[in-house]
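Please look through the sequence and the structure shown below before reading on. The briefing that comes after them is arranged by topic, so that each group of points can be checked against the picture.

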Amino acid sequence: MKGQEIARLTNIWSTYQQDEQQLSRVIIESTRPLTFQLRRVNQVVAFTIYNAIPNMYCDTLAIYDGLINEITVQPEEGNRVTIYIALNHNAPCTVTRLNGLPARTFLCFSRAHLDALFAGRRIVIDPGHGGRDPGGRGPVDLLEKNVVLTMAKKLKAELAKVKAQVWLTREGDQYLTPSERLKLAKEMRAHVFISLHTNYSKDSRIGGLVVNYNPAHHAGLRLARLTCEELVRKIKRNVLEIKAAKELSGLGPIPGFKIKPVTISNWVEEGLLRNPTFYEKIAIGVLNGLQKIFLSSPE
Ligand SMILES: [Zn+2]
């Protein structure tokens, strides 16, 4: 190593992709190719880089993409840097490199476990309201019936990538009765029913998320807490309430949730609903919650 020029680490980020190559990637940019060693302690991958110094902000990045939970960049004595990648599953990792300026090192993790968990799962998504029933209205102009349909379509797309079977109770702006919404879940013998709404308050200062659950399911509250926890990690809103919803008990033994990720009557949260990446965060947060649910109820 003596005499060798020091590599400066200039950037680190992560992406995930779900096509034939289902991978979560961590990409490290540096001023020259890296000398490294990869170790694994349970679900944490430690990527130690020798003869390198970070030229970037070192901290923990919250990723929660369905596989990678967090990435921590840790400078060490003697020009060493270790990058800890905490996973939620012991997924295989391969390293590839692309020389150039910057040099790029890719740590690629297989997301195949998501397919294994979601394939064959039947999920019914219910965008609340519709047609003559607009639901809540934001202080500027957004309507609940429209934003929840966008949420539902995004969630369906993410769940389709992991091979779940997904149905929507409505694909357009139609009115449905409460029993029509539950009927589809029962007919399809759904593994889970997810109704999407937004919360509403007369006080526009109140913001946050609400999760309701089917009290007829034996683990309703516990599963609602898991879902809520995962969603909060992604969308970073304040939890207002986790509560049983009587109207979901018509589902019988099917786990059912009414998820209200934000309060539409709050100025800030209505603003979040104008951002397409926010819908992506909601979808991944719910997907992570479903991962927990399916892991805790194998079938
Ligand atoms: Zn609603």
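What follows is a short briefing on a metal site, the nonpolar cores and the salt bridges. The model is a predicted one, and a zinc ion in it is held by three protein donors, namely His-129, Glu-144 and His-197. The largest nonpolar core has 43 residues, and the count of salt bridges comes to 17.

**The zinc site**

- His-129 lies in the loop between β11 (122–127) and α2 (144–161), whereas Glu-144 lies in helix α2, so the pair ties together parts that are 15 residues apart in sequence.
- Both His-129 and Glu-144 are buried.

**The nonpolar cores**

- In soluble globular proteins, nonpolar side chains tend to be buried together.
- Within the largest nonpolar core, which has 43 residues, those with the most contacts are Phe-118, Leu-159 and Leu-290.
- Helix α6, covering residues 276–296, gives the most to this core, with nine residues.
- Leu-159 touches, among others, Phe-118, Ile-123, Val-166 and Leu-290, when residues up to four places away in sequence are not counted.
- There is also a second, separate core of 24 residues, which includes Ala-52, Val-73, Ile-83 and Cys-93.

**The salt bridges**

- Asp-115 forms a salt bridge with Lys-163, and the closest N and O atoms of this pair are 3.2 Å apart.
- This pair links distant parts of the chain, since Asp-115 is in helix α1 (residues 112–118) and Lys-163 is in the loop between α2 and β12 (165–168), 48 residues apart.
- Asp-115 counts as buried because its relative accessibility is 14%, which is under the 20% cut-off, whereas Lys-163 is partly exposed, with a relative accessible area of 45%.
- Lys-156 forms a salt bridge with Glu-171, with the closest N and O atoms 3.5 Å apart.
- Lys-156 lies in helix α2 and Glu-171 in the loop between β12 and α3 (178–187), so this pair ties together parts that are 15 residues apart in sequence.
- Lys-156 counts as partly exposed at 27% relative accessibility, and Glu-171 counts as partly exposed at 42%.
- The side chains of Glu-187 and Lys-183 meet in a salt bridge of 3.9 Å, N to O, and these residues, being four apart in helix α3, are separated by about one helical turn.
- Asp-141, Glu-270 and Arg-274 are linked in a network of salt bridges.

Terms used
Residues numbered from 1 in each chain as written. Predicted model: local features only at pLDDT ≥ 70, side-chain atom pairs only at ≥ 80, totals over all residues. Heavy atoms only, no water. Donors = N, O, S within 2.8 Å, 3.2 Å for Na, K, Ca; no water. Helix = DSSP H or I, 4+ residues; strand = E, 2+ residues; numbered from the N terminus. Buried < 20%, exposed > 50% of the residue type's maximum accessible area, 1.4 Å probe, protein only. Core = buried A, V, L, I, M, F, W, Y, C linked by side-chain atoms within 4.5 Å. Contact = heavy atoms within 4.5 Å. Salt bridge = Lys/Arg side-chain N within 4 Å of Asp/Glu carboxyl O.
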